[in-house]
Amino acid sequence: RAGHHVTGIDISSKAIEAARTALAAGPVESGFGSLDYQVLSLEDMKGTFDAVTFTGVIHHFPDPDQVLRQARELLVPGGLLVCLEPCHERWEDQDAAVVALIRGLLAATGHWYEPQLVKSLGSDAGWQAYTDEVRTEYVTERDPQERGQSPNDNACSGVQILESLKRHFSELEYQDGVSFMYRVLGGLRGPDAVVHPIADLLAGFDRYAVRRGFLHPNAYLWAGQKP
């Protein structure tokens with residue numbers, strides 16, 4: 001939409017099919033560059049680019065150095081690399097307990113998709129069981145009934161990725177991400193006039209708590225440059 005020429009790749013043909021469908025259905029306004037989706041692995045990617053972006057990708061590889069070397073080869077001198085990656089190792093029981101409380105309060109007022117949650121939180125054992133469930137959900141990025149994202153999910157940690165990024169690129173900016181909001185937003189229920197202010201309030205608390213160190217971030221945004 002900003003006029004750039006973009007190539008998006010994924011090894012999943014279903015993901016690329018969904019992306020192409022969304023592109024075809026979306027408005028293309030004046031000034032739109034180009035957007036080409038391909039079923040392709042990073043290893044098979046060819047060409048040169050001004051920027052490479054990863055969104056929750058690198059942690060699926062056991063060797064982040066190999067991934068970033070390949071990304072670096074695709075970049076022109078001075079090219080940018082931007083990534084959003086999880087740092088699940090920083091997210092602790094105290095963070096999960098806050099999410100359990102928030103969801104319990106929302107369920108008690110009829111604004112959470114699991115109304116039965118209130119009954120299950122009636123004892124220490126109930127709180128502990130749900131806190132453990134929430135922590136597992138956030139670390140694996142899936143609900144209990146969902147399949148894993150890939151066999152190599154969380155093959156490397158946020159710390160390992162960050163160290164590798166700094167080895168291969170010159171850091172331009174680092175930002176902590178949010179702690180919990182991205183897996184709370186989808187569970188909210190109710191009329192927009194009620195749910196939107198709740199979502200805004202929770203999102204504001206999330207950012208505030210991470211900045212003050214009350215909660216730990218579950219991801220980070222990093223930008224660097226090819227020397």
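Predicted model: local features only at pLDDT ≥ 70, side-chain atom pairs only at ≥ 80, totals over all residues.
**Helix H5 and its surroundings**
- The buried residues of H5 are Gly 126, Tyr 130, Thr 131, Val 134, Glu 137, Tyr 138 and Thr 140, and these residues pack against helix H3 (93-108) and helix H4 (117-120).
- Just after H5, Glu 141 adopts a positive phi of about 60°.

**Salt bridges**
- Across the whole structure, a search finds seven salt bridges.
- Glu 137 forms a salt bridge with Arg 103, with the closest N and O atoms 2.9 Å apart; this pair links distant parts of the chain, since Glu 137 belongs to helix H5 and Arg 103 to helix H3, 34 residues apart, and both residues are buried.
- The side chains of Arg 183 and Asp 143 meet in a salt bridge of 2.9 Å, N to O; Arg 183 lies in the loop between S5 and H7 and Asp 143 in the loop between H5 and H6, so the pair ties together parts that are 40 residues apart in sequence.
- Arg 183 is buried at a relative accessible area of 17%, and Asp 143 is buried at 19%, where the cut-off for buried is under 20%.
- Arg 103, Glu 137, Glu 141, Asp 143 and Arg 183 are linked in a network of salt bridges.
- Arg 90 forms a salt bridge with Asp 176, the closest N and O atoms being 3.3 Å apart; because Arg 90 sits in the loop between S4 and H3 and Asp 176 in strand S5, the pair ties together parts that are 86 residues apart in sequence.
- Arg 90 counts as partly exposed at 30% relative accessibility, and Asp 176 is likewise partly exposed, at 38%.

**The sheet**
- Four strands form an open sheet in the order S3-S4-S6-S5, with mixed pairing; S3 (49-55) and S5 (170-176) stand at the edges with a single partner strand each, so one side of each lacks a neighbour in the sheet.
- S3 pairs with strand S4 (residues 75-86) in the parallel sense over six bridges, and Phe 49 stands opposite Leu 75 in S4.
- Helix H6 (residues 158-168) lies across S4, S5 and strand S6 (219-225), running at about 10° to S6.

**Asn 218**
- Asn 218 is found in the loop between helix H7 (192-212) and S6, where it is buried with a relative accessible area of 1%.
- The side chains of Asn 218 and Tyr 182 are joined by a polar contact of 3.0 Å, and residues that Asn 218 touches include Pro 86, His 88, Trp 91 and Tyr 138.

Terms used: Residues numbered from 1 in each chain as written. Heavy atoms only, no water. Pairing = 2+ DSSP bridges. Helix = DSSP H or I, 4+ residues; strand = E, 2+ residues; numbered from the N terminus. Contact = heavy atoms within 4.5 Å. Axes fitted to C-alpha atoms, helices over the stretch in contact; angles between N-to-C directions. Buried < 20%, exposed > 50% of the residue type's maximum accessible area, 1.4 Å probe, protein only. Polar contact = N/O pair within 3.5 Å; in protein donor to acceptor, adjacent residues only side chain to side chain. Salt bridge = Lys/Arg side-chain N within 4 Å of Asp/Glu carboxyl O. Lists of a residue's contacts leave out its neighbours within four places in sequence.
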